[in-house]
Amino acid sequence: MELKPYQKQVIDHLNGYFNYLQEDKHPAKAFNRYWEDKAGMYNPLSGDGMRPYKDNVPEAVHLSIKVPTAGGKTFIACNAIKTIFDAMPHQKTKAVVWLVPWSNLLDQTVKNLSDPDHPYCQKLNSLFNNRLSVYEKKDLLQGASFNPSIVQEQLSIMVLNFASVRAKNKDDRKIFEQNGALAVFSQTYKNKLHVLENTDETALINVIRSLNPILVVDESHNAESDLSVEMLQNLNPSFILDLTATPKENANVISLVSAMELKKENMVKLPVIVYNHESIEGVIESAIHLQHKLETEALEMQANGGKYIRPIVLFQAQSKGKEENMTFHKLKQQLIKIGINEEKIKIKTADINELKQVDLLSKDCPVRYIITVNALKEGWDCPFAYILASLADRSSQTDVTQILGRVLRQPYVMKHKNPMLNVSYVLTSSSKFHETLNSIIKGLQDCGFSENDYRGKDVMPENIKEEITQTIPENKSQKETKQPFNEITEIFDPKKISVDINTKKTVSKPVIADIESIAIKQSQEMDQQISNQDDTDYIIQNLSELGIKATYYKMRESVEAQAKQITLPKFIIKVKNLEKFDLENDSVLLDRANLLKGFKLSDKGHDIKFESIVSELYKIDTEEIRNGEYRMSSYKFENPQLQEQVAEYILAKPKEGQVKDIMHRVVKQIGDMYPIPDADIKKYVGRILEDMSTEQLRDFLQHQLSYTDLIKQKIKLLADGHAELIFNEWIDIGKINTQTAWKLPAMIIPVKTSANISNSLYTHEGDMNGLELQFIMEIANYPNIAFWHRNLGKGKGFSLNGYKSEHYPDFILVTKNNKVILVETKGGDRDNSDSEAKLRLGKKWAELSGPDYKYLMVFDKNAIEGAYNLDKAKELIKQM
């Protein structure tokens, strides 16, 4: 199983954060700058931007990912673990504590992560070379296949529930107690600084603390209390990744997935169709007939090559609050009296579990109806659950908050031909329908969705609502009349229910026809809404869902119509046998990684001029603070003696040990250079170090940052050279071409804005340096220029996707006859080799794109060959 586009985007966002961390050397600085580039500067007075990073657990980077129910949080986390460890020192023990709030979710997590046939386990095995062990608390306490040597050689995932670490009861206290089975770990401790006060060093909690693990906190909104924060601190983490659909106020959200993105990828059944009936009998009758209708449609779809689906109804019954209340026992018997076979009905409550060992997705399974109260919470998922029928008393609001998410997951993660099978249904009978809708909105929000994701219709007549209200005794307080739905109910009369489901044909019922009409219409409207949204809409929507107020700027009305017609070409590559194409025919957007598939760093030269390096020695971004524990931060070495101690410690080893130690430090500092494998980079760095004398290695350690930067520049230069060679070869044989693919966004969110200059595309444009301002002020009012735009970088603007890593030209100019001119400005002190490569790429883009597209590189002076000095560029632009 591979990542969906929105899931990959989450991993890309996480990688993006680590890039900032590599530069800023501090978690808070990196987080704040990451969001400044996305949403603009933070302003506490206006509320603009993302509020600053919250250091919830000191000495650990703490990030949160917001993904709605059914969005695949666990699969995202499996991929994120590799990304996080890649950002840490190579020698760091790969230990993960996976925390879950409930026992049923714990069982499910352990099963899925351990099962070699499950996609989660398969992904982890592929990422960690089949070296994976998943432990429960009992395994850890017994030391079963859990010892220091094993842990050093694999990815160890320890799945625990919150209670185990909070330790409120005697059974859970076991992880804090002396444990002879784990005594071997205490022999490996470098010191005992990590040992919790009043605990034995052999206790499981101290073994975990010694591993300085990554924490994955599932449903992390349940871990926000002071007690829960203490729980996280007790585990002594190096990194915490929160997974939640509803992050709390102090969460450091690094990525968000919207409901629209899930719907676009067919992960969920949206919108939710809410239909309020006149009576509970009407709810039950509609639920039975709607199930029959959906199953009939599903069978027809299957006969025509579709997937097998057996729609299921969840009856939300009442608990045994009063003797006259309709319990789930009574409901089952009354459903049988109506004519439903007993084998089709199962009960799932806190005390009764008739679903144990039942495979609801099997074609042999007869279950169509499940009776529950609130037992089907997080951790229970069945994509065949389509209908939630609430049997709350008509005089109360219907509370479906805790169970609504169970009907949202889409079967087979695909769009079905019949639109009725692409939405979910909530059937109610409440005189307080407004309050019921509020409950549904709350249920959607708790699942990470919004009030835009349901459509409601109320058919209960107003006179009946008034009658119901009048039957409430006058001496009942308002609080008493709003009792929880499971304490008030009304026994339904089976004689008032007329069902006929023992036929292959759908029985015609006006209510079902009405629901069908609503479902089809709303499903089509949501599909249209998705297709109409552009990237900017998603960005604004996502920021809004996070409560971020971003200042954005729209196109000026006078040029908006023309701007919306402009589409810029991107480089594409012809690829055969693709299941899903990004563009027309058999082509996808070119990725630099395509050009580096055959790149071998091992056979490249390593002659680098290290002369005249002057720098200060810094620790790498991930600092070892004690006993193998790492904190992602960076501090300047203030004490020269400490520099010498580091150098002497490493240089006291044999040459092989010196090279190995320095190599690990350098490779970590170089960071990810995808798609070049880390192993290739290690070998390349090793070759460089092996050729150095002891004095050269000493100097290397004194000026490690500068040496490493030069090595990274060399690798990048070699990779760029190879990528450009392949790029030109593929152009010659027609494998690479250009195709229109990028449109100007409807609005922009620059980090900072510049002074207003006439003829700009947007009401405000992004910040500019001196040369950029000088250039645009002189050409903005040329009679042939329709508008100009200060192109934004870092994923916000237009980039040339060739052999260079995403080249973002400074300006996009559009003439009145619709010619597009990309302009890159350069100061006279810029590196010519980099400029030459960008110029070649830009010229090739213009050549392949056609006569209406031009690329100019403009220098203030000393233009390189093929580029222009400012005065000449102005003259040429005026003639276009």
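These notebook entries record what I looked up in one protein structure.

**Entry 1: the whole chain**

I noted at the outset that the model is predicted. I counted the secondary structure elements and found 29 helices and 26 strands in the protein chain. I then looked up burial: of the 880 residues in the chain, 56% are buried.

**Entry 2: helix H13**

I turned to helix H13, which runs over residues 280–303. Does the distance between its ends agree or disagree with the expected span, and why? With 24 residues at 1.5 Å a residue, H13 should span 34 Å; the C-alpha atoms at its ends are 35 Å apart, so the two values agree. I also checked the cover of H13 and recorded 20 of its 24 residues as buried, so that the helix is mostly covered. Just after H13 comes Gly305, where I read a positive phi of about 100 degrees.

**Entry 3: helices H27 and H29**

Two packed helices are described by the angle between their axes and the distance between the axes. The crossing is right-handed. On the H27 side I listed Gln774, Phe775, Glu778 and Ile779, which meet Leu870, Lys874 and Ile877 of H29. I sorted the residues of this contact into four nonpolar, one polar and two charged.

**Entry 4: backbone details in loops**

I looked up a cis peptide bond, which joins Leu270 and Pro271 with omega about 0 degrees. Pro271 lies in the loop between helix H12 (259–264) and strand S8 (272–276).

I next recorded Glu219, a residue other than glycine with a positive phi, near 50 degrees. Glu219 is in the loop between strand S5 (214–218) and helix H11 (226–234). Is Glu219 buried or exposed? Its relative accessibility is 8%, and because buried means under 20%, Glu219 counts as buried.

Tyr412 is also a residue other than glycine with a positive phi, in this case near 65 degrees. I located Tyr412 in the loop between strand S12 (385–390) and strand S13 (424–428). With a relative accessible area of 37%, Tyr412 is partly exposed, because that value falls between the cut-offs of 20% and 50%.

How values were computed. Residues are numbered from 1 along each chain as its sequence is written. This is a predicted model: local features need pLDDT of at least 70, side-chain atom pairs count only at pLDDT 80 or more; totals for chains, interfaces and linings use all residues. Side-chain values use heavy atoms; hydrogens and water are left out. Helices (H or I, at least four residues) and strands (E, at least two) are DSSP runs, numbered from the N terminus. The expected span of a helix is 1.5 Å times one less than its number of residues. Buried means under 20% relative accessible area, exposed over 50%, partly exposed in between (1.4 Å probe, protein chains only). A crossing is left-handed if the near helix is turned anticlockwise from the far one by less than a right angle, and right-handed if clockwise. Contact means heavy atoms within 4.5 Å. Ala, Val, Leu, Ile, Met, Phe, Trp, Tyr, Cys and Pro count as nonpolar, Asp, Glu, Lys and Arg as charged, and the others, Gly among them, as polar.
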